[in-house]
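Subject: A structure to look at

Dear colleague,

I am passing on a structure for you to look through, and below it you will find my notes on what was found. Please keep the structure open while you read.

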Amino acid sequence: MSTAPRICPLCEATCGLVLTLDGSRVTGARGDRDDVFSRGFVCPKGAAFPQVDADPDRLRTPLVREDGRLREASWEEAFDTIAARIRPLIEDHGPDALGIVLGNPNVHTMAGALYPPLLLRATGTSNLFTASTLDQMPKHVSSGLLFGDPFAVPVPDLDRTDHLLVIGANPLDSNGSLCTAPDFPGRLAALRRRGGTLTVVDPRRTRTARLADRHLAPRPGTDALLLAALVHTLFAEDLADPGPLADRTEGVDRVRDAVREFTPEAVAPVCELDAGTIRAVARELAAAPTAAVYGRMGSSTVSHGTLANWLVDVLNVLTGNLDRPGGVLFPRSATAPAPRPAGPGRGFLLGRRRSRVSGHPEVKGEFPLAALAEEIDTPGEGRVRALITIAANPVLSAPDGLRLDAALASLDLMVCVDPYLNETTRHADVLLPPPPPSQSAHFDFAFNGFAVRDQVRHTPAAVPLEAGRMDECEIHARLILAVSDWGLPCSSEAESSGKHGAPPSAVDDLAVDATLAKAVTQPHSPAYGADPKEFAAGLTGANGAERRLDLMLRLGPYGLTLDELKAHPHGIDLGPLKPRLDEVLNTRSGRIELLPDPIAADLPRLRAALTAVPEPGTLQLVGRRHLRSNNSWLHNTPALTGGSNRCTLQVHPEDAERLRLADGGPARITGAGGELTAEVEVTDAVRPGVVSLPHGWGHDRPGTRMSVASARPGVNVNQLLDGSLLDPLSGTAVLNGFPVEVAPLAPAPLL
């Protein structure tokens with residue numbers, strides 16, 4: 001028996017684990033007490049790592065479709081098939097005949113962070129769809145417009161704040177999101193111990209809400225109205241005080257005028273809250289020595305998601321808590337580019353392109369994932385004919401999965417990188433399975449940029465790569481070569497896998513060369529003036545991915561190296577978050593632009609919502625998080641099923657009585673996209689007028705190989721949506737706060 005450290009890849013908390021090994025088999029997992037960030041904390045997902053890793057339903061070899069059936073194939077045959085079929089499609093119909101879909105698990109792997117940008121470059125397609133437009137895109141848009149950088153997302157300084165206002169988030173179950181914080185429960189408990197205040201806004205009485213000093217349960221989808229009323233109150237009662245931010249912010253007076261109509265009295269009937277309570281929350285926020293406003297899924301996946309995320313940071317600015325210890329700050333990741341000099345930047349633009357069918361504006365290089373089906377099944381020039389999905393299951397995660405399911409079946413070619421034959425990948429012509437996480441090295445490129453403390457950690461593969469498997473980074477590199485016309489040289493016939501013509505290391509070499517060619521010309525870069533070849537020759541690492549990581553560390557703000565990181569297997573603590581607004585601002589003005597034009601143009605839609613008082617008896621549906629789940633991709637792990645992790649329709653007792661719904665009985669739920677039947681769970685954890693059904697279920701389609709998930713399939717809540725409800729600024733699907741009808745399921749007639 002032996003042990004090995006491993007960063008958990010199963011949620012955004014990135015906790016350190018210690019794996020127990022019996023040879024090459026993982027037999028146990030516990031929290032790593034020496035980890036510089038998580039300090040021994042582990043949740044049920046991390047404890048279930050051995051089951052996730054050893055899942056017998058994980059694919060071990062590639063699958064290739066022949067005569068309508070998927071069969072096992074060699075890696076060479078799989079990549080040769082891709083190369084033979086995808087290039088002619090692109091040559092005949094143009095690069096936009098290919099679509100690329102990136103799912104949530106991509107940001108949990110090194111390969112998913114390093115290679116998709118190169119894949120996009122290799123194919124030239126503009127048809128990129130990701131899970132961001134089902135989740136966090138409103139935050140990227142608001143950050144891009146306010147600060148000039150869509151990745152400049154301020155996070156709450158959990159360990160030092162005096163007042164935390166949480167909107168539409170349940171971090172005790174989600175473990176945090178866009179706020180990487182191992183042991184969120186412990187951090188909230190520490191807030192309470194030091195005399196701090198926790199306020200939670202959520203239509204459900206979640207585990208997080210039960211800890212709160214104040215819990216507000218508004219009508220779903222009204223977060224932006226509530227936030228606008230808080231901003232209005234700050235101005236009306238002379239509580240707005242940006243402090244040092246005043247000289248670095250423009251548009252404060254425009255915001256004052258923009259929220260003039262959103263009085264607590266005007267907002268209260270729509271939010272179904274008390275106007276006095278709204279004022280009290282604003283006063284408490286302004287009076288706190290330090291405060292942080294934090295919003296997530298519940299305030300993002302709604303019709304005014306971008307406005308809500310914008311107003312979150314308007315509150316942080318107006319209370320002087322942006323870029324302030326104890327408020328919200330910008331993390332400094334070890335692999336982020338070295339800070340450029342302060343001053344005006346390039347800014348952030350929306351809508352540089354439009355989608356072919358519905359004309360949705362591009363955001364951050366992406367089109368809405370909700371528009372994927374129509375881009376495939378609508379005839380005409382530019383139709384998506386081939387698709388590459390990487391760790392994505394949009395049949396369950398996007399609206400109207402039935403339409404997308406049918407659209408995927410009509411593709412000329414579908415290539416998937418995924419360990420499972422699931423509801424989406426069952427349509428694949430070629431399926432490339434990465435190895436289990438124990439056989440892969442790990443580094444959190446994305447989540448360190450959202451962490452509540454600056455730190456850096458890397459863990460090597462805990463066990464050797466199993467015979468017959470291929471490293472995930474090599475899979476991605478070979479996929480890029482298979483679809484590419486870069487014409488990279490092949491050093492020998494043996495290193496070539498058929499038509500894709502070059503060793504995988506050529507992809508990483510190209511990335512290193514391109515990065516250094518730019519870095520050596522930038523005065524603020526650590527590589528400025530260096531010889532690119534000499535700099536590249538000094539990089540270390542066992543493979544191309546590690547060399548690229550070493551390069552990013554060397555070019556980063558701390559000047560670290562991969563060797564230094566490997567010498568600290570439990571990570572390097574880089575200290576608490578620090579003010580660094582000057583490093584972050586990239587707007588054209590060089591200032592915080594508090595009321596950008598796209599935001600101002602969308603405010604009339606929010607004003608119209610002031611009159612949208614619901615009819616009595618109207619029901620709205622919201623999703624919910626489970627501690628032992630993460631979207632659709634952990635439902636095949638026995639240790640994480642059952643208990644509270646069930647696909648039930650939560651209904652308030654008053655609504656259940658009115659609708660004659662029985663606890664444990666079936667109910668029919670009807671929405672614009674279809675109807676579902678689910679088991680009723682009567683509970684006062686949801687407020688009257690609200691029902692809740694979790695996201696990521698519906699494992700009942702034929703042709704999948706997920707035995708545990710299919711035994712408890714649940715229903716796909718997103719089938720209640722037809723894909724037409726989007727936040728117009730971000731293209732994010734409205735997955736929360738949409739109207740439904742619920743009725744008891746009539747018993748079958750007796751024959």
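**A buried threonine**

Thr424 counts as buried because its relative accessibility is 0%, where buried means under 20% relative accessible area, exposed over 50% and partly exposed in between, with a 1.4 Å probe and protein chains only. Please note that this is a predicted model, in which local features need pLDDT of at least 70 and side-chain atom pairs count only at pLDDT 80 or more, while totals for chains, interfaces and linings use all residues. Residues are numbered from 1 along each chain as its sequence is written, and side-chain values use heavy atoms, with hydrogens and water left out.

You will find Thr424 in the loop between β16 (413-417) and β17 (430-432); strands (E, at least two residues) and helices (H or I, at least four) are DSSP runs, numbered from the N terminus. The side chain of Thr424 reaches the backbone nitrogen of Val395 at 3.1 Å. If neighbours within four places in sequence are set aside, Thr424 is in contact (heavy atoms within 4.5 Å) with Ala392, Asn393, Pro394, Val395, Leu408 and Met414.

**An open sheet**

Four strands form an open sheet with parallel pairing, in the order β11-β10-β9-β13, and two strands pair if DSSP finds at least two bridges between them. At the edges lie β11 (214-216) and β13 (292-295), each of which pairs on one side only. Helix α13 (residues 275-287) packs on this sheet and touches β9, β10, β11 and β13.

Within the sheet, β9 (residues 163-167) is joined to β10 (residues 197-201) by 5 bridges, and Leu165 has Thr199 in β10 as its bridge partner.

**The nonpolar cores**

A nonpolar core is a set of buried Ala, Val, Leu, Ile, Met, Phe, Trp, Tyr and Cys residues joined through side-chain atoms within 4.5 Å. The largest has 81 residues, and those with the most contacts inside it include Leu164, Val231 and Trp310. Helix α10 (residues 223-236) gives this core its largest share, 10 residues. Apart from this core lies another, of 54 residues, among them Ala73, Ile90, Ala482 and Ala502.

With best wishes

Key: Axes are lines fitted to C-alpha atoms, for helices over the stretch in contact, and angles run from 0 to 180 degrees between N-to-C directions. A polar contact is a pair of N or O atoms within 3.5 Å; within protein, one must be able to donate a hydrogen and the other to accept it, and residues adjacent in sequence count only if both atoms are side-chain atoms.
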